[in-house]
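Work through the exercises below with the sequence and the structure open beside you. Try each task before you read its solution.

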Amino acid sequence: MFNLFPRSKWLREEQDFSARMSALGPARIFVTGVTGFVGGAVAAALVGTPHFKQMLFLVRAKSAAEGAQRVRQSIARFSLSEMPPHVSESQVVVGDLNDPQAFLDARLDQVSHVIHGAAITSLANRQDIWAVNVDATLRLAQRFSGVSSLQRFVYVGAAMACGVARGPLVTEALRLPVERAHLAPYTASKACAENQLRERFPDLPLVAVRPSMVIGHSWLGCKPSARNFWVLKVISELNRFVCPPSAYLDIVPVDYCARIIVELTLKKSLSFSAYHVSAGQQSSTMVVELLQAFQGLGGKGKVQAYMRVAEADLMNMALSLGERHVAQQKAGEASHYEPFNARLLCKALRLYGRFSRLNYVFDQQRVLGEGLQPAPSFLDYINLCDHSIRNLSLKSQMACGF
Ligand SMILES: NC(=O)c1ccc[n+]([C@@H]2O[C@H](COP(=O)([O-])OP(=O)(O)OC[C@H]3O[C@@H](n4cnc5c(N)ncnc54)[C@H](OP(=O)(O)O)[C@@H]3O)[C@@H](O)[C@H]2O)c1
């Protein structure tokens with residue numbers, strides 16, 4: 001059940017990756033969003049390279065010491081040892097993206113590569129999404145447009161910023177739709193920021209890297225974060241959802257995503273200015289395959305066939321899941337039960353349902369054309385994700401990013 005194969009395979013690939021990145025010339029990389037899921041994995045991917053000591057991180061903190069501690073803790077999530085790497089206070093630029101003063105720091109004038117990963121990633125309708133994801137992103141680009149040492153400005157976008165009705169195979173259009181084409185303000189803000197970066201800073205060495213859905217880690221499972229995994233687990237438990245069983249989910253593990261971002265940042269020349277980081281045609285997973293994999297993990301024999309339901313059914317499903325969990329706890333079958341918010345669960349299911357009904361697969365040909373690795377299938381490491389959250393209640397899992 002606990003498959004160690006991916007770990008040895010990916011450890012070897014990580015060593016090859018570090019050696020390849022180390023062989024590239026010197027770089028001073030500035031990362032935003034390092035305390036997040038993707039940004040933390042990006043920094044962790046660079047730990048074994050000479051570039052790491054030169055890196056600068058934008059961090060929200062009261063002091064550089066606290067900022068360095070936040071960076072260490074974030075990176076430590078991506079290793080088994082929990083031994084944080086050394087991060088010095090001189091590598092920390094304390095600041096909030098919303099605060100233009102943070103960009104006055106003279107160290108930024110020495111930067112050769114920017115990886116801008118910070119964003120508000122909530123799918124909820126938050127007031128501050130536009131200010132952070134669009135306005136502050138443009139101010140950051142403005143700051144770096146005058147930096148003569150800058151070789152590449154990598155904007156971590158989102159594949160779903162393509163909007164609705166683009167599939168089933170989505171390719172990397174340069175202009176992303178903004179008006180009336182989005183399921184959440186978050187994806188609209190990502191589309192708007194990317195469009196405006198291109199329009200307003202034509203001379204910026206901009207590369208947009210657009211991950212699909214980032215879930216788990218290929219050999220640590222959900223240890224770094226259970227973000228999004230719990231939704232899939234709930235769907236498998238309910239064995240019903242709003243999309244057809246043949247719908248595709250394009251999922252990549254965070255370590256793969258991070259390595260591709262770093263490769264696209266440091267590679268001397270690139271053929272395009274926008275790339276998906278995706279499972280693509282080769283490795284996307286059908287909902288029916290996902291459910292079968294979960295059933296296999298639960299050791300269940302023959303179960304009832306999956307049923308497609310209407311969005312209006314989701315609230316009753318969320319409530320009945322709560323009742324089932326209470327009954328399981330009373331029967332001694334579930335030791336980690338905590339009451340959860342059924343309304344929030346329903347909201348999450350509704351949104352994920354709408355995204356899953358898009359049935360998108362994001363073309364990965366551009367990444368492959370750069371000579372980079374294809375993504376593993378989610379089914380290759382789903383067991384590790386499931387294993388790593390076995391002691392977490394659904395409530396705690398839901399706290400990971402919704
Ligand atoms: N995860 C995915 O499935 C996925 C898929 C497609 C694209 N992406 C893109 O990948 C990037 C990273 O996503 P993620 O999942 O790693 O997000 P995340 O875990 O939510 O992390 C967000 C990061 O942004 C920082 N941040 C937010 N507001 C800030 C502000 N005002 N000033 C400074 N820093 C701020 C956060 O810092 P604090 O710790 O201080 O809050 C945190 O480091 C985003 O641009 C997202 O759009 C992610």
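**Exercise 1.** By class, how many nonpolar, polar and charged residues does the shell around the ligand have?

*Solution.* Keep in mind from the start that this is a predicted model. Begin with the whole shell: 24 residues surround the ligand, and the closest are T35, V38, R70, Y186 and K190. Sorting the shell by class then gives eleven nonpolar, eight polar and five charged residues.

**Exercise 2.** Find polar atoms of the protein that lie close to oxygen atoms of the ligand, using a cut-off of 3.5 Å between N or O atoms.

*Solution.* Start with the backbone, where a polar atom of G33 is 3.3 Å from an oxygen atom of the ligand, and where an N or O atom of G117 lies 3.1 Å from a ligand oxygen. Next turn to the side chains: K190 places an N or O atom of its side chain 2.7 Å from an oxygen atom of the ligand. As for cover, the ligand taken alone exposes 900 Å², of which the protein buries 88%. Finally, look for the elements that give two or more residues to the shell around the ligand, which are α2 (37-46) and α5 (185-200).

**Exercise 3.** Is α2 mostly covered or mostly open?

*Solution.* Count the buried residues of the helix, which come to nine of its ten, and α2 is accordingly mostly covered. The buried residues include F37, V38, G39 and G40.

**Exercise 4.** Decide whether the rings of F229 and F378 are stacked or edge-to-face, and explain what their pairing ties together.

*Solution.* The ring centres of F229 and F378 are 6.2 Å apart and the angle between their planes is 65 degrees. Planes over 60 degrees apart count as edge-to-face, and the pair of F229 and F378 is of that kind. Now place the partners: F229 lies in helix α6 (residues 229-238), whereas F378 lies in the loop between α12 (365-369) and α13 (382-388), so the pair ties together parts that are 149 residues apart in sequence. F229 counts as buried because its relative accessibility is 0%, and F378 counts as buried because its value is 1%. Ring pairs also link F229, F294, F378 and Y381 into a cluster.

**Exercise 5.** Where does T285 lie, and why does T285 count as buried?

*Solution.* T285 lies in strand β13 (residues 285-286). T285 counts as buried because its relative accessibility is 2%, and the cut-off for buried is under 20%. Leaving aside neighbours within four places in sequence, T285 is in contact with several residues, among them A247, Y248, L290 and F378.

How values were computed
Residues numbered from 1 in each chain as written. Predicted model: local features only at pLDDT ≥ 70, side-chain atom pairs only at ≥ 80, totals over all residues. Heavy atoms only, no water. Near = heavy atom within 4 Å. Polar contact = N/O pair within 3.5 Å; in protein donor to acceptor, adjacent residues only side chain to side chain. Areas by Shrake-Rupley, 256 points an atom, 1.4 Å probe, with all protein chains shown as cover. Helix = DSSP H or I, 4+ residues; strand = E, 2+ residues; numbered from the N terminus. Nonpolar A, V, L, I, M, F, W, Y, C, P; charged D, E, K, R; others polar. Buried < 20%, exposed > 50% of the residue type's maximum accessible area, 1.4 Å probe, protein only. Contact = heavy atoms within 4.5 Å. Phe/Tyr/Trp six-rings, centres within 6.5 Å; stacked < 30°, edge-to-face > 60°.
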